[in-house]
Amino acid sequence: MKPLAYPFWLGGSSSCLAALFTHPLDLVKVRLQTAAKTPGVKPAMLGTLVNVVRHEATYSTTRFGVYEKMKTKFTYNNEKPSFLKLVGIASASGWVGGAAGNPADIINVRMQQDRANPPEQRRNYKNALDGLIRMAREEGPRSLFRGIWPNTLRAALMTAAQLASYDQFKAYLLKMRMFEDGLLTHFTASLLSGLVATTICSPVDVIKTRIMTSHDTHGIVHLLADITRKEGVSWMFRGWVPSFMRLGPHTILTFIALEQHKKVWRWMNEDHTSVILL
(Lines give C-alpha, C1' and ligand atoms only; values in the text may rest on other atoms or scores of the structure.)
Protein backbone atom coordinates (compact mmCIF):
# COMPACT_ATOMS: atom_id res chain seq x y z
CA MET A 1 0.00 0.00 0.00
CA LYS A 2 1.49 3.31 -1.11
CA PRO A 3 1.52 6.13 1.46
CA LEU A 4 -0.78 9.12 1.01
CA ALA A 5 0.73 11.65 -1.41
CA TYR A 6 0.79 15.20 -0.04
CA PRO A 7 0.41 18.31 -2.25
CA PHE A 8 3.63 19.80 -3.66
CA TRP A 9 2.98 23.17 -2.03
CA LEU A 10 2.68 22.11 1.64
CA GLY A 11 6.33 22.80 2.49
CA GLY A 12 6.32 26.20 0.80
CA SER A 13 3.15 27.24 2.60
CA SER A 14 4.62 26.14 5.95
CA SER A 15 7.91 27.93 5.29
CA CYS A 16 6.13 31.15 4.26
CA LEU A 17 4.22 31.15 7.55
CA ALA A 18 7.49 30.70 9.44
CA ALA A 19 9.21 33.48 7.42
CA LEU A 20 6.62 36.01 8.56
CA PHE A 21 7.94 35.62 12.12
CA THR A 22 11.67 35.12 11.47
CA HIS A 23 12.40 37.74 8.78
CA PRO A 24 13.78 40.42 11.17
CA LEU A 25 16.40 37.95 12.44
CA ASP A 26 17.32 37.05 8.86
CA LEU A 27 17.99 40.73 8.25
CA VAL A 28 20.33 40.88 11.27
CA LYS A 29 22.14 37.75 10.05
CA VAL A 30 22.82 39.26 6.62
CA ARG A 31 24.09 42.50 8.16
CA LEU A 32 26.53 40.61 10.40
CA GLN A 33 27.75 38.37 7.59
CA THR A 34 28.52 41.31 5.34
CA ALA A 35 29.96 43.23 8.32
CA ALA A 36 28.98 46.61 6.91
CA LYS A 37 29.09 49.42 9.45
CA THR A 38 27.14 52.54 8.61
CA PRO A 39 26.17 54.59 11.71
CA GLY A 40 22.62 55.81 11.94
CA VAL A 41 21.18 53.53 9.27
CA LYS A 42 17.82 51.93 10.11
CA PRO A 43 16.89 48.64 8.45
CA ALA A 44 13.86 48.63 6.15
CA MET A 45 12.40 45.35 7.40
CA LEU A 46 8.91 45.79 6.03
CA GLY A 47 10.29 46.85 2.68
CA THR A 48 11.87 43.43 2.15
CA LEU A 49 9.25 41.25 3.87
CA VAL A 50 7.25 40.58 0.71
CA ASN A 51 10.44 39.58 -1.10
CA VAL A 52 11.37 37.12 1.65
CA VAL A 53 7.96 35.45 1.34
CA ARG A 54 8.44 35.26 -2.46
CA HIS A 55 11.84 33.64 -1.93
CA GLU A 56 10.43 31.16 0.56
CA ALA A 57 7.62 30.36 -1.89
CA THR A 58 9.98 29.50 -4.76
CA TYR A 59 12.85 27.98 -2.79
CA SER A 60 11.01 26.09 -0.06
CA THR A 61 8.05 24.96 -2.15
CA THR A 62 10.49 23.37 -4.59
CA ARG A 63 12.80 21.69 -2.08
CA PHE A 64 10.05 20.44 0.25
CA GLY A 65 7.88 19.37 -2.67
CA VAL A 66 10.64 17.46 -4.46
CA TYR A 67 11.77 15.89 -1.17
CA GLU A 68 8.28 14.59 -0.31
CA LYS A 69 7.71 13.29 -3.84
CA MET A 70 11.06 11.47 -3.92
CA LYS A 71 10.62 10.14 -0.37
CA THR A 72 7.21 8.74 -1.32
CA LYS A 73 8.69 7.16 -4.45
CA PHE A 74 11.35 5.36 -2.39
CA THR A 75 8.93 4.16 0.31
CA TYR A 76 8.00 0.50 -0.05
CA ASN A 77 5.51 -1.40 2.13
CA ASN A 78 5.45 1.57 4.55
CA GLU A 79 9.22 1.10 5.12
CA LYS A 80 10.79 4.54 4.96
CA PRO A 81 14.12 5.04 3.15
CA SER A 82 17.34 4.69 5.17
CA PHE A 83 19.00 7.80 6.59
CA LEU A 84 21.65 7.78 3.84
CA LYS A 85 18.91 7.64 1.20
CA LEU A 86 17.09 10.48 2.93
CA VAL A 87 20.29 12.55 2.86
CA GLY A 88 20.70 11.86 -0.85
CA ILE A 89 17.06 12.69 -1.59
CA ALA A 90 17.22 15.85 0.51
CA SER A 91 20.48 16.98 -1.12
CA ALA A 92 19.02 16.59 -4.62
CA SER A 93 15.83 18.39 -3.55
CA GLY A 94 17.83 21.23 -2.03
CA TRP A 95 19.95 21.63 -5.16
CA VAL A 96 16.82 21.98 -7.32
CA GLY A 97 15.23 24.38 -4.84
CA GLY A 98 18.40 26.48 -4.59
CA ALA A 99 18.59 26.84 -8.36
CA ALA A 100 14.90 27.77 -8.61
CA GLY A 101 15.13 30.36 -5.83
CA ASN A 102 18.52 31.87 -6.75
CA PRO A 103 17.28 35.09 -8.45
CA ALA A 104 14.84 35.85 -5.61
CA ASP A 105 17.56 35.07 -3.06
CA ILE A 106 19.97 37.59 -4.62
CA ILE A 107 17.33 40.32 -4.49
CA ASN A 108 16.43 39.35 -0.92
CA VAL A 109 20.04 39.66 0.26
CA ARG A 110 20.72 42.88 -1.68
CA MET A 111 17.60 44.65 -0.46
CA GLN A 112 18.36 43.73 3.15
CA GLN A 113 21.95 44.92 2.87
CA ASP A 114 21.32 48.06 0.78
CA ARG A 115 20.54 50.43 3.64
CA ALA A 116 23.82 49.52 5.34
CA ASN A 117 25.91 50.31 2.23
CA PRO A 118 27.50 53.73 1.66
CA PRO A 119 25.15 55.94 -0.42
CA GLU A 120 27.29 55.65 -3.55
CA GLN A 121 27.10 51.83 -3.44
CA ARG A 122 23.36 51.50 -2.83
CA ARG A 123 21.28 49.89 -5.55
CA ASN A 124 17.97 51.37 -4.36
CA TYR A 125 15.69 48.70 -5.80
CA LYS A 126 12.04 49.83 -5.57
CA ASN A 127 10.82 46.28 -5.02
CA ALA A 128 11.71 42.68 -5.85
CA LEU A 129 10.40 42.87 -9.43
CA ASP A 130 12.30 46.10 -10.07
CA GLY A 131 15.44 44.45 -8.71
CA LEU A 132 15.13 41.45 -11.03
CA ILE A 133 14.52 43.65 -14.09
CA ARG A 134 17.40 46.00 -13.27
CA MET A 135 19.78 43.13 -12.58
CA ALA A 136 19.01 41.54 -15.94
CA ARG A 137 19.27 44.89 -17.76
CA GLU A 138 22.31 46.39 -16.00
CA GLU A 139 24.34 43.26 -15.24
CA GLY A 140 23.08 40.85 -17.88
CA PRO A 141 20.75 37.81 -17.55
CA ARG A 142 23.62 35.71 -16.17
CA SER A 143 23.67 37.93 -13.08
CA LEU A 144 20.39 36.32 -11.97
CA PHE A 145 22.40 33.18 -11.30
CA ARG A 146 25.33 34.88 -9.59
CA GLY A 147 26.51 32.73 -6.71
CA ILE A 148 24.42 29.80 -7.89
CA TRP A 149 27.10 27.20 -7.03
CA PRO A 150 27.54 28.20 -3.38
CA ASN A 151 23.80 28.83 -3.22
CA THR A 152 22.84 25.39 -4.55
CA LEU A 153 25.55 23.79 -2.39
CA ARG A 154 24.18 25.62 0.62
CA ALA A 155 20.63 24.62 -0.32
CA ALA A 156 21.66 20.97 -0.70
CA LEU A 157 23.44 21.04 2.67
CA MET A 158 20.57 22.90 4.31
CA THR A 159 17.92 20.53 3.02
CA ALA A 160 19.94 17.44 3.92
CA ALA A 161 20.76 18.81 7.38
CA GLN A 162 17.24 20.08 7.96
CA LEU A 163 14.77 17.66 6.35
CA ALA A 164 16.71 14.40 6.57
CA SER A 165 17.84 15.08 10.14
CA TYR A 166 14.29 16.06 11.16
CA ASP A 167 12.89 12.77 9.86
CA GLN A 168 15.69 10.86 11.57
CA PHE A 169 15.39 12.70 14.90
CA LYS A 170 11.62 12.23 14.80
CA ALA A 171 12.02 8.49 14.17
CA TYR A 172 14.47 8.18 17.11
CA LEU A 173 12.21 10.15 19.44
CA LEU A 174 9.15 8.06 18.57
CA LYS A 175 11.04 4.96 19.76
CA MET A 176 11.15 6.48 23.27
CA ARG A 177 8.21 5.95 25.61
CA MET A 178 7.84 9.62 26.57
CA PHE A 179 7.34 10.74 22.96
CA GLU A 180 4.37 10.29 20.66
CA ASP A 181 3.52 11.80 17.27
CA GLY A 182 2.54 15.21 18.64
CA LEU A 183 3.71 18.73 19.38
CA LEU A 184 6.51 17.80 21.82
CA THR A 185 8.10 15.41 19.33
CA HIS A 186 7.76 17.84 16.42
CA PHE A 187 9.24 20.67 18.51
CA THR A 188 12.19 18.63 19.79
CA ALA A 189 13.05 17.08 16.42
CA SER A 190 12.86 20.44 14.63
CA LEU A 191 14.99 22.17 17.29
CA LEU A 192 17.73 19.55 16.92
CA SER A 193 17.41 19.79 13.14
CA GLY A 194 17.86 23.56 13.31
CA LEU A 195 21.06 23.20 15.34
CA VAL A 196 22.52 20.74 12.84
CA ALA A 197 21.51 22.83 9.82
CA THR A 198 22.89 26.11 11.22
CA THR A 199 26.30 24.63 12.03
CA ILE A 200 26.75 22.73 8.77
CA CYS A 201 25.57 25.57 6.55
CA SER A 202 27.26 28.52 8.25
CA PRO A 203 30.45 28.71 6.10
CA VAL A 204 28.58 28.30 2.81
CA ASP A 205 25.90 30.75 3.95
CA VAL A 206 28.52 33.43 4.65
CA ILE A 207 30.19 32.80 1.25
CA LYS A 208 26.84 33.02 -0.53
CA THR A 209 25.95 36.31 1.19
CA ARG A 210 29.36 37.87 0.48
CA ILE A 211 29.22 36.90 -3.21
CA MET A 212 25.70 38.21 -3.70
CA THR A 213 26.46 41.58 -2.09
CA SER A 214 30.03 41.99 -3.35
CA HIS A 215 31.16 44.43 -6.04
CA ASP A 216 34.30 42.27 -6.53
CA THR A 217 34.52 40.94 -10.09
CA HIS A 218 37.62 38.76 -9.60
CA GLY A 219 35.72 35.60 -8.68
CA ILE A 220 35.05 33.46 -5.62
CA VAL A 221 38.67 32.36 -5.02
CA HIS A 222 39.91 35.95 -4.88
CA LEU A 223 36.99 36.94 -2.65
CA LEU A 224 37.63 34.09 -0.18
CA ALA A 225 41.37 34.80 -0.09
CA ASP A 226 40.66 38.46 0.64
CA ILE A 227 38.14 37.65 3.40
CA THR A 228 40.50 35.11 5.05
CA ARG A 229 43.43 37.54 4.90
CA LYS A 230 41.40 40.29 6.57
CA GLU A 231 39.32 38.27 9.04
CA GLY A 232 41.02 34.91 9.52
CA VAL A 233 39.04 31.66 9.49
CA SER A 234 36.50 33.03 11.96
CA TRP A 235 34.50 34.35 8.97
CA MET A 236 33.10 30.82 8.52
CA PHE A 237 30.89 31.17 11.60
CA ARG A 238 30.25 34.90 11.47
CA GLY A 239 26.62 35.49 12.38
CA TRP A 240 26.12 31.93 13.73
CA VAL A 241 24.08 33.12 16.74
CA PRO A 242 21.60 35.26 14.77
CA SER A 243 21.61 32.53 12.12
CA PHE A 244 20.43 30.00 14.70
CA MET A 245 18.11 32.54 16.32
CA ARG A 246 16.52 32.88 12.88
CA LEU A 247 16.86 29.31 11.58
CA GLY A 248 15.96 27.61 14.87
CA PRO A 249 12.51 29.22 15.22
CA HIS A 250 12.05 29.09 11.44
CA THR A 251 12.73 25.34 11.41
CA ILE A 252 10.46 24.73 14.40
CA LEU A 253 7.61 26.81 12.98
CA THR A 254 8.02 25.28 9.51
CA PHE A 255 7.87 21.67 10.67
CA ILE A 256 5.06 22.25 13.18
CA ALA A 257 3.06 24.00 10.43
CA LEU A 258 3.97 21.22 7.98
CA GLU A 259 2.83 18.50 10.37
CA GLN A 260 -0.47 20.33 10.86
CA HIS A 261 -0.87 20.78 7.10
CA LYS A 262 -0.35 17.03 6.72
CA LYS A 263 -2.89 16.21 9.44
CA VAL A 264 -5.50 18.38 7.76
CA TRP A 265 -4.72 16.80 4.39
CA ARG A 266 -5.02 13.29 5.86
CA TRP A 267 -8.32 14.29 7.46
CA MET A 268 -9.59 15.56 4.11
CA ASN A 269 -8.52 12.41 2.26
CA GLU A 270 -8.84 9.59 4.78
CA ASP A 271 -10.57 9.32 8.13
CA HIS A 272 -12.54 12.51 8.88
CA THR A 273 -12.75 11.67 12.59
CA SER A 274 -9.17 10.78 13.48
CA VAL A 275 -7.23 14.03 13.04
CA ILE A 276 -6.32 15.91 16.20
CA LEU A 277 -5.05 19.45 15.71
CA LEU A 278 -3.01 21.48 18.17
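Q: Among contacts in the protein with a separation of 6 or more, what share comes from residues 24 or more positions apart?
A: The model is predicted: local features need pLDDT of at least 70, side-chain atom pairs count only at pLDDT 80 or more, and totals for chains, interfaces and linings use all residues. Residues are numbered from 1 along each chain as its sequence is written, and side-chain values use heavy atoms, without hydrogens and water. When contact is taken as heavy atoms within 4.5 Å, the share from residues 24 or more positions apart is 78%.

Q: How many helices and strands does the secondary structure of the protein hold?
A: Helices (H or I, at least four residues) and strands (E, at least two) are DSSP runs numbered from the N terminus. From that end, the order of elements is α-α-α-α-α-α-α-α. The count is therefore 8 helices and 0 strands.

Q: What percentage of the 278 residues in the protein is buried?
A: A residue is buried under 20% relative accessible area, exposed over 50% and partly exposed in between (1.4 Å probe, protein chains only). Of the 278 residues in the protein, the buried part is 51%.

Q: Of the 30 residues that line the largest pocket, which are the closest to its centre?
A: The lining of the largest pocket includes at least two residues from each of α2, α3 (83-114), α5 (148-174) and α8 (240-269). Of the 30 lining residues, the closest to the centre of the largest pocket are K71, K80, D167, K170 and K262.

Q: Which helix gives the most to the lining of the largest pocket?
A: By class, this lining has 15 nonpolar, 5 polar and 10 charged residues. Here Ala, Val, Leu, Ile, Met, Phe, Trp, Tyr, Cys and Pro are nonpolar, Asp, Glu, Lys and Arg are charged, and the others, Gly among them, are polar. With 8 residues, the helix that gives the most to the lining is α5.

Q: Which residues are linked with E68 in a network of salt bridges?
A: E68 lies in helix α2 (residues 45-73) and is buried because its relative accessibility is 13%. Leaving aside residues up to four places away in sequence, E68 touches Y6 and K262. A salt bridge is a side-chain nitrogen of Lys or Arg within 4 Å of a carboxyl oxygen of Asp or Glu. The residues linked with E68 in the network are K71, D167 and K262.

Q: How many salt bridges does a search of the whole structure find?
A: Side chains of opposite charge can pair when their charged atoms come close. The number of salt bridges in the whole structure is 11.

Q: How far apart in sequence are the parts that E139 and R110 tie together?
A: E139 and R110 form a salt bridge whose closest N and O atoms are 2.9 Å apart. E139 is partly exposed, with 37% relative accessible area, whereas R110 is buried, with 2%. Because E139 lies in helix α4 (residues 128-139) and R110 in helix α3, the separation of the parts they tie together is 29 residues.

Q: Are E259 and K170 buried or exposed?
A: The side chains of E259 and K170 meet in a salt bridge, with N to O at 2.9 Å. This pair links distant parts of the chain, with E259 in helix α8 and K170 in helix α5, 89 residues apart. Both E259 and K170 are buried.

Q: Where does N124 lie?
A: Most residues other than glycine have a negative phi. The phi of N124, however, is positive, near 55 degrees. N124 lies in the loop between α3 and α4.

Q: What distance separates the C-alpha atoms of L223 and I211?
A: L223 is placed in helix α7 (residues 220-231) and counts as buried, at 11% relative accessibility. I211 is 12 residues from L223 along the chain, and their C-alpha atoms are separated by 7.8 Å.

Key. On a 1 Å grid over the protein atoms alone, a cavity is a set of points where a 1.4 Å probe fits but cannot get out, and a pocket is an open set with protein on both sides within 12 Å along at least five of seven lines; lining residues have an atom within 4 Å of a point.
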